[in-house]
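Here is a friendly walk through one protein model, written for someone who likes to look at contacts and geometry. Please keep the viewer open while you read.

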Amino acid sequence: MYPAPCVSGFTVAKLDEIPKRDTWIPVRDHLGIGAFGVNAYRAEEAGERVISDHTETMAKHEELYLVIEGHATFTVDGDEIDAPTGTLVFVGDSATRRGAVAKEAGTTVLVAGARPGHPFEVSWEESWEESQEAMKLYREERYREAGDVLREAIKRYPNSAGLSYNLACFNSMAGADAATVTEHLDRAIGLYPGFRDMALEDSDFEPVRDDPAFQALVGEPS
């Protein structure tokens, strides 16, 4: 996807002109923004999730949410927030869990974020297409093929913790030996230590859970 045409040092675009990727409208990628993350998300129907339930503990981002169309209900750290058009919700603590559900069809939320005091780095966006393809194969229980997709993606994005973690999951479900699984899981944990605790409860690792190498890597919850 090439950035929108730039004329005289500025760029103009409309959200409806940016090709959607599921509920995600890739604003940053479309405009070629490199200084900060900014994207939009749209729920086509009332009751749909417009912002996934998540934390930012991996990227360490502060995030600002602006409802630009429709009406949403945010849940932030267990508190519900009624958010009609024009509402701003700022979440500064990366460990705070947040998410939002649309109360009206077409609800759209613009999100801007970055890690305070650090140069901005693109995290999950670059490998989105490969991840979507791999997850489709995973849901079809074609684990080996899903792993093949991620192996190619990791060649392009070697520092993606999420790709390495999912590859470890797919390898496990495909019946790979524990050494192969733990190799990729170890890489994922090195990039993002929070994956250690996640692996403890992830059912994808049941085939290797009793292996000494896996137990030595994962240990006890921190």
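This is a predicted model: local features need pLDDT of at least 70, side-chain atom pairs count only at pLDDT 80 or more; totals for chains, interfaces and linings use all residues.

**Helix α3**

Which residues of α3 are buried? They are Y143, A146, G147, V149, L150, A153 and I154. Seen down the axis of α3, these buried residues fall within an arc of 155 degrees, so they line one face of the helix. On the face of α3 turned away from the buried side you will find the exposed residues R144 and K155.

**The nonpolar cores**

The largest nonpolar core has 27 residues. Those with the most contacts inside this core are Y165, L185, F195, A199, F205 and F214. Two or more residues come from each of α2, α3, α4, α5 (178–191), α6 (195–201) and α7 (212–218). Of these elements, α4 gives the most to the core, with seven residues.

Setting aside neighbours within four places in sequence, L185 is in contact with Y165, A168, A199, F205, F214, L217 and V218. Apart from this core lies another, of 18 residues, and among them are W24, Y41, V76 and V109.

**The sheet**

Now turn to the strands. Five of them form an open sheet in the order β3-β4-β11-β6-β9, with antiparallel pairing. At the edges stand β3 (24–25) and β9, each with a single partner strand, so one side of each is left without a neighbour in the sheet.

How many bridges pair β6 with β11? Strand β6 (residues 62–69) and strand β11 (residues 107–114) pair in the antiparallel sense over seven bridges. Within this pairing, Y65 stands opposite V111 in β11. Strand β6 is also joined to β9 (residues 88–91) by four bridges, and these two strands run antiparallel. There, the bridge partner of L66 is L88, while E63 stands opposite V91.

**Salt bridges**

The table lists three examples.

| Salt bridge | Distance, N to O |
|---|---|
| R21 and D29 | 3.1 Å |
| D53 and R97 | 3.1 Å |
| E63 and R98 | 2.9 Å |

E63 lies in strand β6 and R98 in strand β10, so the pair ties together parts that are 35 residues apart in sequence. E63 is also the residue that stands opposite V91 in β9.

The partners D53 and R97 have another setting. D53 is partly exposed, with a relative accessible area of 44%, and R97 counts as partly exposed at 43% relative accessibility. D53 lies in strand β5 (residues 49–54) and R97 in the loop between β9 and β10 (98–102), so this pair ties together parts that are 44 residues apart in sequence.

In the remaining pair of the table, R21 is buried, with a relative accessible area of 14%, whereas D29 is partly exposed at 22%. Elsewhere, salt bridges that share partners join K136, E140, R142 and E145 into one network.

**Two loop residues with positive phi**

K60 has a positive phi of about 65 degrees although it is not a glycine. K60 is found in the loop between β5 and β6, and at 38% relative accessibility it counts as partly exposed. D77 is likewise not a glycine, and its phi is positive, near 55 degrees. D77 sits in the loop between β7 (71–76) and β8 (79–84), where it counts as exposed at 59% relative accessibility.

Note on methods: Residues are numbered from 1 along each chain as its sequence is written. Side-chain values use heavy atoms; hydrogens and water are left out. Buried means under 20% relative accessible area, exposed over 50%, partly exposed in between (1.4 Å probe, protein chains only). The arc is that of the directions from the helix axis to the C-beta atoms. Two strands pair if DSSP finds at least two bridges between them. A nonpolar core is a set of buried Ala, Val, Leu, Ile, Met, Phe, Trp, Tyr and Cys residues joined through side-chain atoms within 4.5 Å. Contact means heavy atoms within 4.5 Å. A salt bridge is a side-chain nitrogen of Lys or Arg within 4 Å of a carboxyl oxygen of Asp or Glu.
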